[in-house]
Amino acid sequence: MGDMTNSDFYTKNQRNEANRAGEFGCSLEELRSLMELRGTEAVVKIKETYGDTEGLCRHLKTSPTEGLPGTAVDLEKRKLIFGKNFIPPKKPKTFLQLVWEALQDVTLIILEIAAIISLGLSFYQPPGEGNEAKQQDGAAAMEMQPLKSAEGGEGDEKEKKKSSMHKKEKSVLQGKLTKLAVQIGKAGLVMSAITVIILVLYFAVDTFVVNKKQWLPECTPVYVQYFVKFFIIGVTVLVVAVPEGLPLAVTISLAYSVKKMMKDNNLVRHLDACETMGNATAICSDKTGTLTTNRMTVVQAYIGDVHYKEIPDPDSIPSKTLDLLVNAIAINSAYTTKILPPEKEGGLPRQVGNKTECGLLGFVLQLKQDYQPVRNLIPEEKLYKVYTFNSVRKSMSTVVKMPDGSFRMYSKGASEIVLKKCSRIINATGEIRVFRPRDRDEMVKKVIEPMACDGLRTICIAYRDFSSNPEPDWDSENDILTDLTCICVVGIEDPVRPEVPEAIRKCQRAGITVRMVTGDNINTARAIAIKCGIIHPGEDFLCIEGKEFNRRIRNEKGEIEQERIDKIWPKLRVLARSSPTDKHTLVKGIIDSTQVEQRQVVAVTGDGTNDGPALKKADVGFAMGIAGTDVAKEASDIILTDDNFSSIVKAVMWGRNVYDSISKFLQFQLTVNVVAVIVAFTGACITQDSPLKAVQMLWVNLIMDTFASLALATEPPTESLLLRRPYGRNKPLISRTMMKNILGHAVYQLTLIFTLLFVGEKMFKIDSGRNAPLHSPPSEHYTIIFNTFVMMQLFNEINARKIHGERNVFDGIFRNPIFCTIVLGTFAVQIVIVQFGGKPFSCSPLQLDQWMWCVFIGLGELVWGQVIATIPTSRLKFLKEAGRLTEKEEVPEEDLNEDVEEIDHAERELRRGQILWFRGLNRIQTQIEVVNTFKSGTSFQGALRRQSSVTSQNQDVTNISSPSHVSLSNALSSPTSTSAAAAGHPRREGIP
């Protein structure tokens with residue numbers, strides 16, 4: 001039924017509703033309305049309409065145990081009527097739509113305007129004059145545009161990846177880059193205007209004041225031609241000033257990182273999540289399967305008043321107790337959970353299904369017993385009633401009918417919860433004795449707590465017998481799940497992954513706080529946290545359970561207060577016995593907190609369907625690729641293909657590497673921009689011409705944009721990235737150290753270029769290229785300037801590999817073959833351009849000694865870089881930072897007023913624009929909407945769809961909270977079983 005939202009299918013379905021109801025006796029619309037009911041309402045509806053769940057199955061022509069017949073004809077018929085079982089993909093955007101979105105980039109808009117003006121002016125031709133030179137300049141400006149077409153790649157890729165988003169948001173890095181581009185664009189516009197003004201004034205003064213010429217009507221076309229030329233020069237300065245390669249560098253860096261992250265078991269679904277992870281300050285991680293191996297093994301047991309620290313000899317257990325234990329484990333587990341032989345000889349047995357249940361089944365095998373004969377004797381269809389596990393009940397129970405007509409219920413679950421429902425226990429002789437509250441307290445103290453302190457998950461296994469006359473009211477769960485008899489308590493070990501402690505140590509050293517959010521017992525969770533290194537004895541930390549957490553964060557009215565959360569989360573390291581709602585509350589509380597200077601960037605792991613809201617709320621949501629549900633994966637940003645915490649650390653490294661790669665490119669490009677703008681400005685004002693011609697500038701832009709982006713954005717990450725704290729959302733993109741490098745290298749390059757411009761002809765004993773006639777051939781003088789400029793950029797590209805003041809700029813250079821290839825390739829192409837480019841490139845072939853001088857001056861960049869590194873940044877107080885993103889700019893204004901969108905449960909997006917101060921009106925509106933939702937009796941999903949990212953904590957929890965107990969009759973264990981029955985696959989869950 002996954003594609004029932006498709007409009008064509010829905011319309012067609014409505015037309016044939018009567019037909020289908022007659023064929024199956026149950027229409028798609030009826031199933032849809034049934035799915036929206038919960039609890040007793042669903043039970044009543046099923047009884048009224050179909051009699052019972054067996055009746056519903058008969059209508060759907062399926063079996064609650066065997067499933068569908070499986071014939072091709074039957075399956076095709078069901079697909080036609082009920083739809084295919086998948087979520088339909090959204091209609092992709094057309095190529096033109098993607099191009100249009102790419103053209104919205106601020107940098108591109110500036111270039112587009114400049115190119116249009118330049119191209120338009122290039123066609124202006126005064127009477128009797130040629131315009132060959134101007135057409136070349138205008139065409140060059142336009143030629144620069146295709147170089148930027150790849151910038152749309154970021155928008156294209158992100159839109160494809162984020163097909164579930166109705167509105168595209170900018171990430172932190174994108175916001176900083178956009179602001180920086182605007183700042184540089186404004187500076188370039190000012191320089192362009194000054195250039196035009198100076199040229200016009202210089203021409204006017206020289207013509208009408210110095211030479212005392214008069215403005216004659218017949219000379220007007222000539223003067224206008226000069227003014228047009230001056231304006232084109234100004235546009236050229238603007239084009240050179242704009243950092244065209246910024247979006248391109250981001251795209252290349254992200255795309256490259258995403259591809260490489262796949263090898264590190266990170267499947268990135270949302271492109272910007274890679275960059276955001278580099279700024280992560282907190283990670284809220286699950287325990288089972290992420291920090292641990294998720295291979296459960298029973299290592300301790302309490303049976304017959306004896307605490308066994310190892311697996312007991314089956315001969316030491318009374319046969320009656322042993323039979324009860326084997327039956328309780330074999331029957332009260334999902335029949336799909338099995339222990340299979342190892343794939344390779346000498347390997348471990350394979351665990352298939354729920355891992356906790358696998359551990360219990362393994363315990364049966366360790367006791368030299370077999371669970372399969374029990375299941376063969378009592379197949380799944382003979383199970384009379386099943387109370388499935390959920391996060392509220394914390395237990396699972398199965399009722400079977402005995403040969404004498406009576407009933408027996410087997411239960412298992414969290415020990416401290418199930419033991420509270422036990423009034424009897426089996427003793428050492430296999431007899432039943434009374435189990436008083438003080439006995440329970442003693443057992444908790446002497447058995448359960450020591451097990452938990454060893455890092456074991458404790459499970460209690462119990463049973464209860466019922467009379468058949470009268471038959472119990474199975475829907476009255478509180479009366480059924482009580483007065484139990486305890487069979488045993490087992491301690492299940494889930495070993496910590498060997499690589500996790502080191503990974504967590506790296507996170508802590510990198511300034512990232514790791515928190516464990518688990519459903520386990522507090523003592524078990526604390527013991528695992530100590531083994532992992534999340535907490536250390538003697539530190540000031542907080543380990544609490546979900547109930548205590550909720551008590552502390554709520555006021556007298558039961559409402560969640562941010563101020564109360566702010567008192568807890570900074571020291572909180574372990575949240576035990578927590579529900580998915582608790583996880584969402586914690587994540588939202590940390591994100592919304594204003595207690596710290598920098599807004600926290602939170603990453604969350606999750607594997608269950610109920611983890612969806614927390615995964616969406618987090619800045620980066622990690623879903624488990626192996627154990628994760630489809631809903632969790634759909635809600636996530638990154639999927640861990642190995643379910644391993646150490647893979648998250650690799651994601652942090654790649655995220656920080658993206659940020660540093662962009663900074664490296666910025667340091668390189670802005671140096672080129674500063675030098676090129678000043679050279680073009682000065683040359684135009686002094687010599688009425690630019691030493692760097694239009695086509696040469698195009699080649700420089702190729703180096704700056706495409707090649708430099710590729711070279712610097714593909715630097716592999718190193719462990720040193722984890723030796724610093726996160727940059728933070730408000731840290732400027734260009735640090736003072738980077739500004740020192742940019743200005744320092746600009747001084748070196750400008751000094752050499754102006755020296756060559758004004759005295760170069762004397763140094764090399766060649767003709768001067770200054771003030772050359774309009775159509776004169778290319779000069780060696782200006783070719784040397786161009787060649788030297790390119791050589792300095794090539795060697796400065798090596799300097800740009802380091803942005804934190806490191807001296808060894810060659811460190812790790814051979815680990816990036818792309819960088820080496822691009823530098824050597826660019827050098828080779830430069831040789832071809834200079835020696836064979838001729839008039840199209842305004843180049844004259846150079847002699848070997850001239851080439852050696854150009855390379856020598858370029859090599860001087862490396863030496864000068866060491867000089868700059870020697871100067872302490874702290875002494876350069878005049879240096880300013882750039883690209884800072886303020887708190888207000890993090891939240892676009894349109895996000896504050898955006899209407900709440902209805903989104904499918906599996907696709908909903910809780911927007912990441914975090915509102916720290918915007919409460920008032922939105923809160924009132926949301927409260928009214930929630931009240932109306934519940935009054936109208938709509939579903940939990942319906943309320944959740946209308947949830948807004950600016951909703952208060954109280955509203956978020958209200959919308960996400962599910963009923964504490966769902967009880968349906970017979971085989972129907974939950975409302976979701978309705979759809980399962982339609983497909984012939986009843987859903988049974990064990991303990992996660």
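Start by selecting Cys 284: it stands opposite Val 604 in β17. What you have open is a predicted model, where local features need pLDDT of at least 70, side-chain atom pairs count only at pLDDT 80 or more, and totals for chains, interfaces and linings use all residues. Residues are numbered from 1 along each chain as its sequence is written, and side-chain values use heavy atoms, with hydrogens and water left out.

**The sheet**

Now colour β2 (residues 282-285) and β17 (residues 602-606), which run parallel and are joined by three bridges. Strands here are DSSP runs of E with at least two residues, helices are runs of H or I with at least four, and both are numbered from the N terminus. Two strands pair if DSSP finds at least two bridges between them.

Angles run from 0 to 180 degrees between N-to-C directions, and axes are lines fitted to C-alpha atoms, for helices over the stretch in contact.

**Thr 281**

Next, click on Thr 281, in the loop between α14 (271-277) and β2. Is Thr 281 buried or exposed? Its relative accessible area is 14%, so Thr 281 is buried; the cut-offs are under 20% for buried, over 50% for exposed and in between for partly exposed (1.4 Å probe, protein chains only). Leaving aside residues up to four places away in sequence, Thr 281 touches Gly 511, Ile 512, Thr 513, Gln 600, Val 601 and Pro 726. Contact means heavy atoms within 4.5 Å. The C-alpha atoms of Thr 281 and Thr 513 are separated by 6.2 Å, though the two are 232 residues apart along the chain.

**A helix pair**

Jump to α12 (residues 220-241) and α28 (residues 645-687), which pack at about 170 degrees with axes 8 Å apart. They are therefore roughly antiparallel (over 145 degrees; under 35 is roughly parallel, 65 to 115 roughly perpendicular, the rest oblique). Show the contact side chains, including Ile 233 and Val 237 of α12 and Phe 681 of α28.

**Last stop**

Finish at strand β7 (residues 383-387), where four of five residues are buried. Four bridges join β7 to the antiparallel β8 (residues 395-401), with Leu 383 partnered by Val 400 in β8.
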